[in-house]
Amino acid sequence: TWHLKKIPQIVRERTFSLDSPKFEAKTKLELNSVCGIECQRKLPVPSLSDLKNLLSYETVFENGTRTLTEVNVLGAVLDPAGNTTTRRPSRKKRQIYGTDSRFSIYDKRFMTNFPFNTAVKISTGCSGILVSPKHVLTAAHCLHNGKDYVKGSKRLRVGLMKTKSRGSGRKRKETSDGMPSFQWTRVKSTHIPKGWFKGVSGNIALDYDYAVLELKRPHKRKYMELGISPTIKMMPGSMIHFSGFDNDRSGQLVYRFCSISDESNDLFYQYCDAEPGSTGSGIYLRLKEPNKKKWKRKIIAVYSGHQWVDINGEQQDYNVAVRITPLKYAQICFWIHGNDENCTQG
C-alpha cells in the first residue's frame, strides 16, 4: 500500500541572478562515482544547514539566463540511523547481467498509452518521464557535469512519443515497423539542485542526480504522479519498473523490471538490464491506494545509470537510482507547483 507521509516544507528564501553558463561540458552518459554503496554507508547524515545548501537550486531559462534560489527547510526529520543498508554480494563488470531481460515495446496501443506514454526522450541523449502537464523529471547529469551545463542543454528539447503514420485521410496507415517518432517540444526552464554541483557536496553528488524541465507548451497526455520511495522490504517482491530509450535499440521504447539488491537513504542499487540512453528514466512501482481497492503507479526514483565504483582498489559496478525521499518529493513538488501548499502529503 502507498503510505501517506507528512512532507517537509521547502521555502524559497531569496533568488538572485548568476552569469550565463558557458554550455561547454561534454555529455557523459556513464559516470565514474567515487562513492559506492560501502562509502554511502559511512556518510554522515547532513545537518539542517547542509540540507539548505544542498537543496538550494539553479534555474536556467531558455534565453540562457540563470538564477540561484536559496531555500529554507522546515519540518525535516533527520534520521540519526544514517545510511543503513542491507549487504548483498557484489557483481562482475557488466551492464547486461546474465540474460538480457529488456522488452522492446512495438505495439502502438501500448506505446502511446499509460504508463509507457509517460516516457520521453531528452535531446542530450537521455530519457525522462512526464510528471505534470508541463514538467519532465530526468537525471541532472544529462544536463550538467557538476561544473558546467552540457553543450546540448542550451537549446534543450523533449521528445514525446507518437507513432509514425503515412498518407492521409481514409488511406492513412501506420508504418509496419511501429517505431515511435517524436513530437519535439522546447524547454522553457530547467531546475537542478545545488547538491549536484561539485564543490558543494563532495562525494555525495550522486544523491542529487535529478532535475526538472518545464516545457514551453503543456502536453495533453496522462502523466505519472510522484510517490515517496518505500524501503526494499515494503515493495512487492522488491520489484521496480522503468522504460527508456536505450542507445543500443535505436528508436525503440525499452521496458524492464527487476528487483533492487541494495539501498542507502538516498540511492537504490539494482541490476536491471540497461544501456546508456535510458538514463533519467522514471522508476515506478504499482501499489494499492490507502483504503481503496484501486492500484496506482507512482514514480519513486530516477534512474541515474551505470556507475563504476572503486571499492578497496577494485572496480565494481552497479546500476544506480536516486530515491525520491520526503525532502526530494518536497523539492520536486515545489518546482512543479511553484508553492508548497500542494505538497504537504506524499
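Good morning. The structure before you is a predicted model, in which local features need pLDDT of at least 70 and side-chain atom pairs count only at pLDDT 80 or more, while totals for chains, interfaces and linings use all residues. Residues are numbered from 1 along each chain as its sequence is written, and side-chain values use heavy atoms, with hydrogens and water left out.

Let me begin with the whole protein. It contains 4 helices and 20 strands; these are DSSP runs numbered from the N terminus, helices being H or I with at least four residues and strands being E with at least two. Of its 346 residues, 56% count as buried. Here, buried means under 20% relative accessible area, exposed means over 50%, and partly exposed lies in between, using a 1.4 Å probe and protein chains only. The protein exposes about 16,400 Å², and carbon and sulfur atoms supply 48% of that area. Such areas come from the Shrake-Rupley method with a 1.4 Å probe, and for residues only the protein chains shown count as cover.

I turn now to the disulfide. A disulfide is a pair of cysteine sulfur atoms within 2.5 Å, and by this rule the count comes to 1. The partners are Cys-126 and Cys-142, with sulfur atoms 2.1 Å apart. Cys-126 sits in the loop between strand 6 (119-122) and strand 7 (127-132), whereas Cys-142 sits in the loop between strand 8 (135-138) and strand 9 (157-163), so that the pair links distant parts of the chain, 16 residues apart. The torsion about their S-S bond is about -95°, and the disulfide is therefore left-handed. Are these two cysteines buried or exposed? Both Cys-126 and Cys-142 are buried.

Next, the interior. A nonpolar core is a set of buried Ala, Val, Leu, Ile, Met, Phe, Trp, Tyr and Cys residues joined through side-chain atoms within 4.5 Å. The largest one has 66 residues, and those with the most contacts inside it are Leu-55, Leu-137, Val-158 and Leu-226. Which element gives the most to this core? That is helix 4, residues 326-337, with 8 residues. A second, separate core has 16 residues, including Ile-240, Leu-285, Ile-300 and Ala-321. Returning to Leu-55, we find among its contacts Ile-10, Val-71, Tyr-208 and Leu-327, not counting residues up to four places away in sequence.

Leu-327 brings us to helix 4 itself, where this residue is buried. After the helix comes Gly-338, whose phi is positive, near 80°.

Let us consider charged side chains. A salt bridge is a side-chain nitrogen of Lys or Arg within 4 Å of a carboxyl oxygen of Asp or Glu, and the whole structure has 9 of them. One joins Arg-66 to Glu-58, at 3.2 Å from N to O, and both of these residues are buried. Another joins Arg-186 to Glu-62, at 3.4 Å. Arg-186 lies in strand 12 (residues 180-193) and Glu-62 in the loop between strand 3 (57-61) and strand 4 (66-74), 124 residues apart. Arg-186, at 35% relative accessibility, is partly exposed, and Glu-62, at 26%, is partly exposed. Together with Lys-216, these two residues are linked in a network of salt bridges.

A further bridge connects Lys-134 with Glu-214, the closest N and O atoms being 3.4 Å apart. Lys-134 lies in the loop between strand 7 and strand 8 and Glu-214 in strand 13 (residues 211-215), so the pair ties together parts that are 80 residues apart in sequence. Lys-134 is partly exposed at 33% relative accessibility, whereas Glu-214 is buried at 14%.

Finally, a residue at the surface. Asp-19, in the loop between strand 1 (9-18) and strand 2 (31-33), counts as exposed because its relative accessibility is 64%. Its C-alpha atom is separated by 9.2 Å from that of Gly-64, which is 45 residues away along the chain. Thank you.

Technical notes:
Contact = heavy atoms within 4.5 Å.
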